[in-house]
Amino acid sequence: MLTSYFKLKELGSDVRTELLAGLTTFLTMAYIIFVNPQILSAAGMDHGAVFVATCVAAAIGSAIMGLYANYPIAQAPGMGLNAYFAFTVVGQMGYSWQVALGAVFLSGILFIILSVLPVREAVVNAIPRTLKLAISSGIGLFLAIIALENAGLIKAHPVTLVTIGDLTRPQPVLAAIGFILLCALAARKVTGSVILTILTVAVVGMGIGASPFNGQIVSLPPDPSPTLLAMDLKGAFSVGLITVVFAFFFVDLFDTAGTLIGVSHRAGLLDKDGKLPRLKRALFADAAATTVGAALGTSTVTSYIESAAGTNVGGRSGLTAVTVAVLFLACLFFAPLAANIPAYATAPALLYIACLMARGLTEVDWEDVTDYAPAVMTAIAMPLTYSIAHGIAIGFITYTGIKVLAGRWRDVGPVVAVLAGLFLLKFILLA
């Protein structure tokens, strides 16, 4: 039945290979069950409830991708957007986490609408490649500054804004060693290097007294009610949240499209024209997962580039994603373990992911100032303003302004020009 439903023979795979691929993908992305509750709890959300929401949303999203779109691509709450949710929308802008969840839900609805309309590819293609690369890289730099702060490797300074942290404390030292270890394991292509590093740093930290251990690893799942259906949709319709909703939607759209194409290309799943079959289904699966995740109580759910680890060992069908879904559900019984993981233990993972995302800047055209200048402005604006939305806005405005004044106005399509104008009005009227 599995062979027939997932078309394994047509795809040149078998059940055993798909199950192994699912396990491999899961091990590369399981860090999210530790990191996401930690980040969102900084916004005042209940740690246990977010843990449940993370596991269930990842399971549902991966299952939809596998069963409906038949792709070996797993889903879970996305890195970068969870930090934007907690530290910018709630921490800096002052909205409640309930309103922020409402904004995530609305972005998911927009994504669903776009997924079923024939204009989706036109919208994706309308955004210059330079800005797409810059946004991904900027989110990486945004994660990096959060990771360094969580590790205690940097701290605020009244004169220089930031300075080095107190390196006489064990936490920042353990985080730094953990990052070096993680990069070394990744270089050696060790499966599950991220989660292995998190657990190693946590255990060593507990052993030397840098953080406590509550004595539990396994238990029944926590109560999900503190975040379940807690989103404030009325508050999310606030004029001031338009940019936030757009940021959630925009980043998820292009992150998903990039991941789908990238992983499918590596797995040889693109058709003879280089296009992705069943793209509408794949995008719908991602959008549906975001709306379900918001209802459960977590930030934007998106497709994970770590799915490439599973395709590298032969995963070709949705059975790989369904396997990941089952493993995330099994994680529901490990909530005490997640609660034991301190921030300095997850910081190396955040910093490593930041490095992966920052690689996009290498693909920018560094011979064309009208390309690289907006890219750099977009990327550095995100960590320095502590906002993905502000970084996107500054990128669009800078790109449009430079291109027009340089006589390259044809490079600026109508979609980019309109968005740049709206962002500029937002800064003038609502900043």
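What is the relative accessible area of Lys7, and is Lys7 buried, partly exposed or exposed?

A: The structure is a predicted model, in which local features require pLDDT of at least 70 and side-chain atom pairs count only at pLDDT 80 or more, whereas totals for chains, interfaces and linings use all residues. Residues are numbered from 1 along each chain as its sequence is written, and side-chain values use heavy atoms, with hydrogens and water left out.

Lys7 has a relative accessible area of 42% and is partly exposed. Lys7 is placed in the loop between helix H1 (2–5) and helix H2 (8–11). Helices (H or I, at least four residues) and strands (E, at least two) are DSSP runs, numbered from the N terminus. The phi of Lys7 is near 55 degrees, a positive value in a residue other than glycine. Most residues other than glycine have a negative phi.

A second residue with this backbone feature is Leu161, whose phi is positive, near 75 degrees, although it is not a glycine. Leu161 lies in strand E3 (residues 161–164) and is exposed, its relative accessible area being 67%.

Because 19 of the 26 residues of H13 are buried, the helix is largely enclosed by the rest of the structure.

Thr302 has a side-chain link to Thr256: the two side chains make a polar contact at 3.1 Å. A polar contact is a pair of N or O atoms within 3.5 Å; within protein, one must be able to donate a hydrogen and the other to accept it, and residues adjacent in sequence count only if both atoms are side-chain atoms. Thr302 belongs to strand E4 (residues 301–303) and is buried at 4% relative accessibility. Leaving aside neighbours within four places in sequence, Thr302 is in contact (heavy atoms within 4.5 Å) with residues including Ala74, Gln75, Asp252, Asp255 and Asp286.

Gly310, in helix H15 (residues 307–312), is likewise buried, with 0% relative accessibility. Beyond neighbours within four places in sequence, Gly310 is in contact with Ala21, Thr24, Thr25 and Gly315.

Charged side chains form a further set of links. The model has 5 salt bridges, each defined as a side-chain nitrogen of Lys or Arg within 4 Å of a carboxyl oxygen of Asp or Glu. One of them joins Arg408 to Asp368, with the closest N and O atoms 2.8 Å apart. Arg408 sits in the loop between helix H20 (388–405) and helix H21 (414–430), and Asp368 in the loop between helix H18 (343–358) and helix H19 (369–385), so this pair ties together parts that are 40 residues apart in sequence. Arg408 is partly exposed at 32% relative accessibility, whereas Asp368 is buried at 14%. Arg408 also forms a salt bridge with Asp411, where the closest N and O atoms are 3.0 Å apart. Asp411 is partly exposed, at 35%, and forms a salt bridge with Lys403 at 3.1 Å between the closest N and O atoms. Lys403 is buried, at 2% relative accessibility. Asp368, Asp371, Lys403, Arg408 and Asp411 are linked in a network of salt bridges.

Finally, Leu110, in helix H7 (residues 97–116), is partly exposed at 41% relative accessibility. Together with Ile109, Ile113, Val116, Leu117 and Val119, Leu110 makes a nonpolar surface patch of about 450 Å².

Conventions:
Buried < 20%, exposed > 50% of the residue type's maximum accessible area, 1.4 Å probe, protein only. Patch = residues over 30% accessible without salt bridge, like charges linked within 9 Å, V, L, I, M, F, W, Y side chains within 5 Å. Areas by Shrake-Rupley, 256 points an atom, 1.4 Å probe, with all protein chains shown as cover.
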